[in-house]
Amino acid sequence: MRIGYDLLYLVPGVSGGVEVYALALIDAIARLYPDNQHLVFLNATTAGRGLFQRANVLEVHCPFPGENRCLRYLWQQFVLPLQASAWRLDVLHAPSYTGPLFCPCPWVVTVPDVNFEDQNVGMPATRRIPLSFFSRRSARRAGHVITISRASKCEIVRKLGIDAGKITVVHLGPGQISRMAAVPAGCGPEGHGINAPYITAFAGGGNPHKNLARLLSAFLKICSDHEEKLVLIGRIPRRIRQQRILDHPKIITLGHLPSAEIGPLIAGSRLFVVQSTYEGF
């Protein structure tokens with residue numbers, strides 16, 4: 001078979017959970033089915049970074065910047081169907097909410113959650129409106145919908161009006177933590193100059209529902225009475241970077257890290273905090 005993957009959305013270090021999901025999924029499927037050809041459609045920001053090392057995974061470069069959502073939607077809806085036809089794909093998987101509404105081959109879409117329908121998420125209208133428009137229609141037009149939890153499936157049925165029989169729940173795997181024995185030396189806390197004890201959390205990028213500001217506020221209220229430091233993994237929102245709060249000696253920011261380094265950091269921490277107000281899983 002010739003299987004395509006719509007990774008036009010992917011910007012390493014920015015895409016968050018849907019980046020981890022897609023990279024791990026494609027690597028596993030390519031390993032399990034070596035006789036199939038796996039084509040990944042990548043934007044210009046991501047192409048050529050060596051994200052895929054298996055011989056049966058082929059990158060198809062699409063010349064537009066991944067940070068431009070408008071160009072991404074245009075390419076996905078008008079150019080990707082032509083590419084799917086030209087490459088004679090047997091099936092296409094769109095692993096992040098949206099896919100080409102008029103696809104010449106069978107296709108499936110993964111809708112991890114419906115955060116764009118939750119007003120508490122705080123998603124800007126310029127992002128919420130097109131994401132809601134294309135996600136809703138992608139779920140209706142795709143041959144099948146994959147989601148990551150029973151909770152998300154119930155929300156897709158209730159808020160998007162998709163028949164429950166069209167949706168399959170495929171839970172997320174354990175990822176890198178299951179392979180921690182193979183992690184190179186120096187990738188743990190000591191490799192970043194971090195001494196125990198410490199607390200870990202994901203910064204969450206620019207998404208308000210990741211609730212980083214509240215976590216920082218709470219930590220600063222108690223940190224003088226406790227020895228733990230706070231270690232933040234991932235992209236810090238601009239509005240928080242502009243404040244002086246990150247200058248505190250007990251707050252350590254590491255930015256985007258390779259997946260191999262995240263598991264040991266979390267495993268070595270005294271506490272891992274998920275401060276988000278909304279998660280599909």
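# A tour of the predicted model

**Stop 1: the aromatic pairs.** Searching the whole structure turns up five aromatic pairs. This is a predicted model, so keep that in mind as you click through it.

Select Y97 and F116. Their ring centres lie 6.2 Å apart and the planes meet at 75°. That angle makes the pair edge-to-face, because planes over 60 degrees apart count as such. Now colour by element. Y97 belongs to the loop between β4 (91-94) and β5 (107-110). F116 belongs to the loop between β5 and α3 (125-141). The pair therefore ties together parts that are 19 residues apart in sequence. Are these two residues buried or exposed? Both Y97 and F116 are buried.

Next, select Y73, F133 and F134. These residues make up one aromatic cluster.

**Stop 2: the seven-stranded sheet.** Show the cartoon and follow the strands across. The order is β3-β2-β1-β4-β5-β6-β7. The seven strands form an open sheet, and the pairing is parallel. Which strands are at the edges? They are β3 (57-62) and β7 (167-169), and each pairs on one side only. Look along the sheet to see the twist, which averages 25° from one strand to the next.

Select α2 (residues 69-86). This helix packs on the sheet and touches β1 (2-7), β2 (37-43), β3 and β4. The direction of α2 makes about 130° with that of β3.

Go to β4, which has a pairing to check on each of two strands. With β1, β4 runs parallel, and three bridges join them. Pick I3: its bridge partner in β4 is V91. With β5, β4 also pairs in the parallel sense, over three bridges. Pick A94: its bridge partner in β5 is V109.

**Stop 3: the four-stranded sheet.** Move on to residues 198-202, which are strand β8. The sheet here has four strands in the order β10-β9-β8-β11. This sheet is open too, with parallel pairing. At its edges stand β10 (251-255) and β11 (271-273). Each has a single partner strand, so one side of each is left without a neighbour in the sheet. Neighbouring strands are turned by 20° against each other on average, direction ignored.

Zoom in on β8 and β9 (residues 229-233). The two strands run parallel, and five bridges join them. Select T200 and find V231 opposite it in β9. Then select F202, which stands opposite I233 in β9. How many of the five residues of β8 are buried? Four are, so β8 is largely enclosed by the rest of the structure.

**Stop 4: the helices on this sheet.** Select α5 (residues 212-222). It packs on the four-stranded sheet and touches β8, β9, β10 and β11. The direction of α5 makes about 165° with that of β9.

Now select α7 (residues 259-267). This helix lies across β8, β9, β10 and β11 and runs at about 140° to β8. Which residues of α7 are buried? They are E261, I262, G263, P264, L265 and I266. The buried residues of α7 pack against β8, β9, β10 and β11.

**Stop 5: S276.** Finish in the segment after β11, where S276 is placed. Display its polar contacts. The S276 side chain reaches the backbone oxygen of H209 at 3.2 Å. A second polar contact, of 3.1 Å, joins the side chains of S276 and E279. Then show the neighbours of S276. Leaving out residues up to four places away in sequence, S276 touches H209, K210 and N211.

Technical notes
Residues are numbered from 1 along each chain as its sequence is written. This is a predicted model: local features need pLDDT of at least 70, side-chain atom pairs count only at pLDDT 80 or more; totals for chains, interfaces and linings use all residues. Side-chain values use heavy atoms; hydrogens and water are left out. Two strands pair if DSSP finds at least two bridges between them. Axes are lines fitted to C-alpha atoms, for helices over the stretch in contact, and angles run from 0 to 180 degrees between N-to-C directions. Contact means heavy atoms within 4.5 Å. Rings of Phe, Tyr and Trp (its six-membered ring) pair if their centres lie within 6.5 Å; planes under 30 degrees apart count as stacked, over 60 as edge-to-face and the rest as tilted. Buried means under 20% relative accessible area, exposed over 50%, partly exposed in between (1.4 Å probe, protein chains only). A polar contact is a pair of N or O atoms within 3.5 Å; within protein, one must be able to donate a hydrogen and the other to accept it, and residues adjacent in sequence count only if both atoms are side-chain atoms.
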